[in-house]
Amino acid sequence: MVTLSDIPGRVLLVGAGKMGGAMLEGWIGLGLEPARIAVIDPGPPSEVAALLEARGVALNPLNGGPPAVMLLAVKPQVAPEVLAKVAPLAGPQTLIVSVMAGRTLGFLEAAFAPGTAVVRSIPNTPAAIGRGVTVAVPNAAVTPTQMSIADALLRASGGVEWVEEEALIDVATAVSGSGPAYVFLLAEALAAAGAQAGLPADMADRLARATVAGAGELMIRSGIEPAQLRKNVTSPNGTTAAALAVLMDEERGFVPLLTEAVLAAARRSRELAG
Ligand SMILES: NC(=O)C1=CN([C@@H]2O[C@H](COP(=O)(O)OP(=O)(O)OC[C@H]3O[C@@H](n4cnc5c(N)ncnc54)[C@H](OP(=O)(O)O)[C@@H]3O)[C@@H](O)[C@H]2O)C=CC1
Ligand SMILES: O=C(O)[C@@H]1CCC=N1
């Protein structure tokens with residue numbers, strides 16, 4: 001098994017914003033030597049800049065030779081101009097790992113020299129606490145060793161699922177990449193609904209956060225199916241059943257709404273392909 005310290009050279013992170021910064025934290029937390037990391041970002045957020053400074057990670061270095069891995073974490077919309085600038089920093093052995101939504105293997109391959117090894121992946125922000133999940137697909141040039149290296153880098157953020165069919169990445173983006181936002185919205189909506197129904201707003205907020213976090217943790221730790229955990233809350237003809245009659249309405253309920261949302265996100269991922 002390849003570990004972070006087995007990576008044969010530097011890891012160059014291009015774009016140290018919310019996602020890149022979260023991954024960087026994971027790598028450092030798991031013991032990737034700061035001297036083996038470099039970051040390219042004209043203006044990283046202050047907390048990332050502070051982490052780089054505190055750990056002595058090079059920011060915008062002018063040289064250093066081709067990295068073992070270049071991880072691309074800029075917005076997909078600026079990818080063409082950013083890749084034009086950073087592509088010359090890659091060598092023939094450099095493995096490219098992208099976490100950019102939408103940007104395809106074909107787009108990435110065209111930005112680098114022919115035969116470059118490229119992994120397209122989609123992580124999510126719970127990466128910041130090592131509880132993310134990433135879905136990844138390699139191109140034909142990725143060797144088994146490079147795949148293990150990519151896996152080690154991505155696994156620092158949480159679980160990793162490798163797929164062979166690239167089209168699945170757009171759907172995974174809509175489910176797990178964007179998914180934390182849906183869960184946070186659920187917490188916001190539950191708090192707002194509780195306040196509207198009469199709870200003091202700050203108490204509604206605390207209850208909603210604790211409920212979402214506790215339910216998520218119970219699902220993970222118990223290993224019980226979500227549907228069974230839902231049934232465990234639902235007493236016959238009780239309060240939950242009254243709420244679920246609204247939320248599980250086949251036409252206006254949560255399932256058709258979330259299905260529409262996921263399809264919209266997957267469509268947007270395909271549009272970002274460029
Ligand atoms: N946020 C998320 O939940 C997820 C994001 N992603 C993907 O991760 C990527 C980054 O998203 P996110 O972290 O949210 O976005 P951010 O805007 O937080 O991060 C992007 C970073 O790249 C920097 N940047 C801009 N121009 C350059 C450049 N020329 N060279 C190097 N860095 C540059 C930005 O600086 P500045 O702010 O000054 O422009 C910013 O710090 C996107 O492609 C997104 O699709 C994937 C999965 C989940
Ligand atoms: O909203 C976005 O486009 C990015 C990709 C997945 C999560 N955030």
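User: Which residue stands opposite Leu95 in β5?

Analyst: Val69 stands opposite Leu95. Please note that the model is a predicted one.

User: What makes β4 and β5 a pair, and in which sense do they run?

Analyst: Strands pair if DSSP finds at least two bridges between them. Strand β4 (residues 69–72) and β5 have 4 bridges, in the parallel sense, so by the two-bridge rule they count as paired.

User: How do you know that β5 and β6 pair as well, and what is the bridge partner of Leu95 in β6?

Analyst: Strand β5 (residues 95–98) and β6 share 4 bridges in the parallel sense, and at least two are needed. The partner of Leu95 in β6 is Ala117.

User: Why is the unit made by β5, α4 and β6 called right-handed?

Analyst: The term applies if, with the strands pointing away from the viewer, the path from the first strand over the helix to the second runs clockwise. The unit of β5, helix α4 (residues 105–111) and β6 is assigned as right-handed, so its path is clockwise in that view.

User: In which sense do β6 and β7 pair?

Analyst: They pair in the antiparallel sense over 4 bridges. One of the bridges joins Ser121 to Ala136 in β7.

User: What is the order of the strands in the sheet, and why are β3 and β8 called edge strands?

Analyst: The open sheet has 8 strands in the order β3-β2-β1-β4-β5-β6-β7-β8, and its pairing is mixed. β3 (58–59) and β8 (158–162) each have a single partner strand, so one side of each has no neighbour in the sheet.

User: Why is β6 called largely enclosed?

Analyst: A residue is buried if 20 or more other C-beta atoms lie within 10 Å of its own. In β6, 6 of the 6 residues are buried, so the strand is largely enclosed by the rest of the structure. Ala117, Val119 and Ser121 point one way, while Val118, Arg120 and Ile122 point the other way, and all are buried.

User: What makes α6 an enclosed helix, and what covers its buried residues?

Analyst: Helix α6 (residues 167–177) has 8 buried residues out of 11, so it too is largely enclosed by the rest of the structure. Among the buried ones are Ile169, Asp170, Val171 and Thr173. The cover includes β6 (117–122), β7 (132–138), α7 (179–196) and α11 (254–271). For the protein chain of 274 residues, the buried share is 35%.

User: What is the shell around ligand 1 made of?

Analyst: The classes are 16 nonpolar, 7 polar and 3 charged residues. Of the 26 residues around ligand 1, Gly15, Gly17, Met19, Met100 and Ala101 come nearest. Helix α1 (residues 18–29) gives the largest share, 3 residues.

User: How many residues link the two domains by contact, and how far apart are the domain centres?

Analyst: The bounds are 4–169 for domain 1 and 179–271 for domain 2. Their C-alpha centres lie 33 Å apart. In contact are 5 residues of domain 1 and 5 residues of domain 2. On the domain 1 side, 2 are nonpolar, 3 polar and none charged.

Terms used. Residues are numbered from 1 along each chain as its sequence is written. Chains are lettered from A and ligands numbered from 1 in the order in which they are written. This is a predicted model: local features need pLDDT of at least 70, side-chain atom pairs count only at pLDDT 80 or more; totals for chains, interfaces and linings use all residues. A residue is buried if 20 or more other C-beta atoms lie within 10 Å of its own, exposed if 12 or fewer, and partly exposed in between; C-beta atoms are placed from the backbone. Helices (H or I, at least four residues) and strands (E, at least two) are DSSP runs, numbered from the N terminus. Two residues are in contact if their C-beta atoms, placed from the backbone, lie within 7 Å. A residue is near a molecule or strand if its C-beta atom, placed from the backbone, lies within 6 Å of it. Ala, Val, Leu, Ile, Met, Phe, Trp, Tyr, Cys and Pro count as nonpolar, Asp, Glu, Lys and Arg as charged, and the others, Gly among them, as polar. Domain bounds come from an automatic or database domain assignment.
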